[in-house]
Amino acid sequence: MYQEIPSHNTRVLEQAREYYTQQMLADKLGYSARQIARWESGETPIPRTAQLALAGILGSRTAGPLRKNDFTFIDLFAGIGGIRLGFESQGGQCVYTSEWDSYARKTYMANFPDSHEIDGDITKVNARDIPDHDVLLAGFPCQPFSIAGVSKKNSLGVPHGFACKTQGTLFFDVARIIQTKRPKAFLLENVKNLMSHDKGHTFAVIRETLEKELGYKIFYRIIDGKHFVPQHRERIIIVGFDGTTDFSWEHIPLPSLDGRSPKMKSVLHRENGTETDTDAGRYIDPVTGKVNSRYVLSDKLWAYLQAYAEKHRAKGNGFGCSVVTPEDTSRTLSARYYKDGSEILISRGEGLNPRRLTPRECARLMGFPEEFNIVVSDTRAYKQFGNSVVVPVIRHVAEIMKPCIMQLKEQHEPCMQQGILSFTQ
């Protein structure tokens with residue numbers, strides 16, 4: 001009979017739960033999720049064999065040798081890996097990741113299982129400890145600069161932008177890493193409002209830091225996600241290069257919007273019985289073939305949202321819910337979508353209450369691949385996709401950047417080889 005360890009000795013499980021959900025660990029260990037929960041609560045002791053297996057799972061997460069790649073990159077404020085997906089599609093390899101949210105780390109690890117260790121609070125990371133890399137990627141927190149974020153902070157009487165010490169100043173952590181590691185290029189992503197925040201002062205400080213203090217040549221552009229997905233989502237993309245390149249946003253034009261732009265029908269579940277629910281029946285009722293009824297708004301909530309919208313229409317503003325059909329383009333999916341889904345409600349026909357998007361439909365709306373694993377609760381999933389990026393937008397920018405990245409690599413490598421030769425002689 002195997003030896004049991006004391007029930008209070010759960011450190012290895014605590015470490016594993018930083019990266020994996022209970023169900024993910026259950027699948028890896030051959031136990032039920034309920035049994036994992038019992039170990040975690042101390043209700044039952046963890047078998048020695050399970051403890052060793054957990055240690056093995058953690059050990060297997062250390063970074064292995066680099067595969068053949070065109071360039072390397074690091075993924076800061078990584079979220080669930082949307083920016084990483086865009087650059088991996090162009091031949092890049094991620095060599096370092098930082099993400100503070102434990103639930104986002106679980107989703108990240110479920111989709112990049114061979115990844116390296118994930119650092120948490122980037123403010124506590126010594127830049128010299130970060131691996132050398134060709135490209136720095138950072139979707140640094142946007143709440144201090146977003147319209148909704150500024151409005152909320154103003155209503156609470158708290159600072160926003162660079163005055164917001166918990167998030168706004170994280171840009172300067174990006175800057176100190178760029179200064180220390182001198183990547184050949186970087187990509188920063190944020191909300192459109194970053195340019196106009198504080199009457200343009202915030203963006204002026206960012207430009208001065210990147211161009212004058214760090215010496216990078218930068219290019220920026222606001223790109224609407226509706227060029228690639230059926231969602232109006234404007235975000236600013238800032239790219240920079242440590243050297244002269246022929247970068248131009250026009251090298252690869254954005255897809256045209258002349259009547260051929262994606263529509264919601266491209267991301268909605270088929271409700272005619274022909275869609276196979278790859279999420280094990282989580283979203284589609286296996287009997288009716290329809291989206292599960294829990295996503296349909298209750299009479300009470302639907303009445304409240306209609307009354308709220310009518311009140312604001314009477315005041316002459318656009319606040320309120322938005323109901324779309326399969327032939328429409330949606331509003332921006334936000335991290336607050338879990339509250340009531342009001343910004344994107346799906347029409348179910350006249351006289352029927354609309355429904356929320358399912359998390360799988362949110363993934364599609366953000367351009368994530370169909371095989372992307374959703375391992376957290378619906379509430380967490382809505383927050384994660386609402387905070388993420390439109391993956392095809394990042395893929396498009398990565399495609400434009402790649403020739404310039406490779407050009408700078410070629411310019412740098414002969415110097416490195418010459419330095420090595422001189423040293424060995």
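Which residue in S7 is the bridge partner of Ala185? The points below take this up with the rest of the fold.

1. This is a predicted model, in which local features need pLDDT of at least 70 and side-chain atom pairs count only at pLDDT 80 or more, while totals for chains, interfaces and linings use all residues. Residues are numbered from 1 along each chain as its sequence is written, and side-chain values use heavy atoms, without hydrogens and water.

2. The chain has 14 helices and 10 strands (DSSP runs numbered from the N terminus: helices H or I of at least four residues, strands E of at least two). Of its 425 residues, 49% count as buried (under 20% relative accessible area, 1.4 Å probe, protein chains only).

3. Seven strands form an open sheet with mixed pairing, in the order S3-S2-S1-S4-S5-S7-S6 (two strands pair if DSSP finds at least two bridges between them). Its edge strands, S3 (118-119) and S6 (217-224), each pair on one side only.

4. Strands S5 (residues 185-191) and S7 (residues 234-241) run antiparallel and are joined by seven bridges. The partner of Ala185 in S7 is Phe241. Helix H8 (residues 170-181) packs on this sheet, touching S1 (71-76), S4 (135-138) and S5 (contact: heavy atoms within 4.5 Å).

5. A three-strand open sheet, also of mixed pairing, has the order S8-S9-S10. S8 (323-324) and S10 (355-356) each have a single partner strand, so one side of each lacks a neighbour in the sheet. S9 (residues 345-346) pairs with S10 in the antiparallel sense over two bridges, with Ile346 opposite Arg355.

Key
Axes fitted to C-alpha atoms, helices over the stretch in contact; angles between N-to-C directions. Buried < 20%, exposed > 50% of the residue type's maximum accessible area, 1.4 Å probe, protein only.
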